Amino acid sequence: MVNKPKQLAAKNEVEKGAKKANLFQTLLMWTLIPLLFTTMVLLIIAFVADINVLDEMKKMSSSLPFSTEKKSEDDEELAADIEERVVSLQAEIKEKESQVYKLQEELEQFKDEKNAWLTEQENLQRQIEALQRAKEDNKRDVKEIISTFEKMSAKSAAPVITNMNDAEAIQILTALKPEVLAPILEKMSAEDAAKYTSLMTK
């Protein structure tokens, strides 16, 4: 009697296992076998219609969003964009370099002009200094001449002054003291005395 319940339990387990196997066999028969059969028929039709199934599958898979070919196309577009940007930046760099070169040339030109102006300024400064020295020498010479005329007698000084050009004569006569000038004018001819007096008053 004890064996009977064990046998019943063993029988139940075998039935459960058989039900599971039956369920799997049913699933296999109703889904997998028809699917394989349909695939086989489609492949035969494709073969008869001269359609390359693998090529068609590649075309269909390339349109999928997670496809590697789509990704490679995106990478190619990105690479093209980057290359275009690099070319654009290189052109911009060349343009900036040409602007810098032009500015450097202008700077060199300004430096050359500045040096030329400085040289000209130095030359003019030297000329001014030379003229000032000449003027100082001329003043010193005129003072010496005036001093000499003041020491000369009126009789000797009058003919020397009349033989000078008018500008030199007037310069000397205007610098002489009135007490020295009067006797010299007296010793000149009336025409010369009148001429020099008229020139001194201008």
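**A close look at the salt bridge**

Reply: One salt bridge turns up when the whole structure is searched. Keep in mind that this is a predicted model. The partners are Asp166 and Lys195, and their closest N and O atoms are 3.4 Å apart. Asp166 belongs to helix α5 and Lys195 to helix α7, so the pair ties together parts that are 29 residues apart in sequence. Side chains of opposite charge can pair when their charged atoms come close.

Next, helix α5 itself. It spans residues 166-175, and Ala169, Ile170, Ile172 and Leu173 are buried in it. Those four cover an arc of only 165 degrees around the axis, so they sit on the same side of α5. An α-helix has 3.6 residues a turn, so residues three or four places apart point the same way.

The largest nonpolar core has 19 residues. Those touching the most other members are Phe149, Ile161, Leu173, Leu176, Ile184, Met188 and Tyr196. Two or more residues of this core come from each of α3 (68-151), α4 (154-163), α5, α6 (178-187) and α7 (190-201). In soluble globular proteins, nonpolar side chains tend to be buried together.

Step back to the whole protein. There are seven helices and zero strands. Buried residues make up 10% of the 202 residues. Among contacts with a separation of 6 or more, 58% join residues 24 or more positions apart. The accessible surface comes to about 17,500 Å², and 61% of it belongs to carbon and sulfur atoms.

Some nonpolar side chains lie at the surface too. Phe24, Leu28, Met29, Trp30, Leu32, Ile33, Leu35 and Leu36 make a nonpolar surface patch of about 900 Å². Trp30 is in helix α1, residues 3-48. Trp30 counts as exposed because its relative accessibility is 67%.

Notes. Residues are numbered from 1 along each chain as its sequence is written. This is a predicted model: local features need pLDDT of at least 70, side-chain atom pairs count only at pLDDT 80 or more; totals for chains, interfaces and linings use all residues. Side-chain values use heavy atoms; hydrogens and water are left out. Patches are made of residues with over 30% relative accessible area and no salt bridge: like charges are joined within 9 Å, nonpolar side chains (Val, Leu, Ile, Met, Phe, Trp, Tyr) within 5 Å. Accessible areas come from the Shrake-Rupley method with a 1.4 Å probe; for residues, only the protein chains shown count as cover. A salt bridge is a side-chain nitrogen of Lys or Arg within 4 Å of a carboxyl oxygen of Asp or Glu. Buried means under 20% relative accessible area, exposed over 50%, partly exposed in between (1.4 Å probe, protein chains only). The arc is that of the directions from the helix axis to the C-beta atoms. Contact means heavy atoms within 4.5 Å. A nonpolar core is a set of buried Ala, Val, Leu, Ile, Met, Phe, Trp, Tyr and Cys residues joined through side-chain atoms within 4.5 Å.
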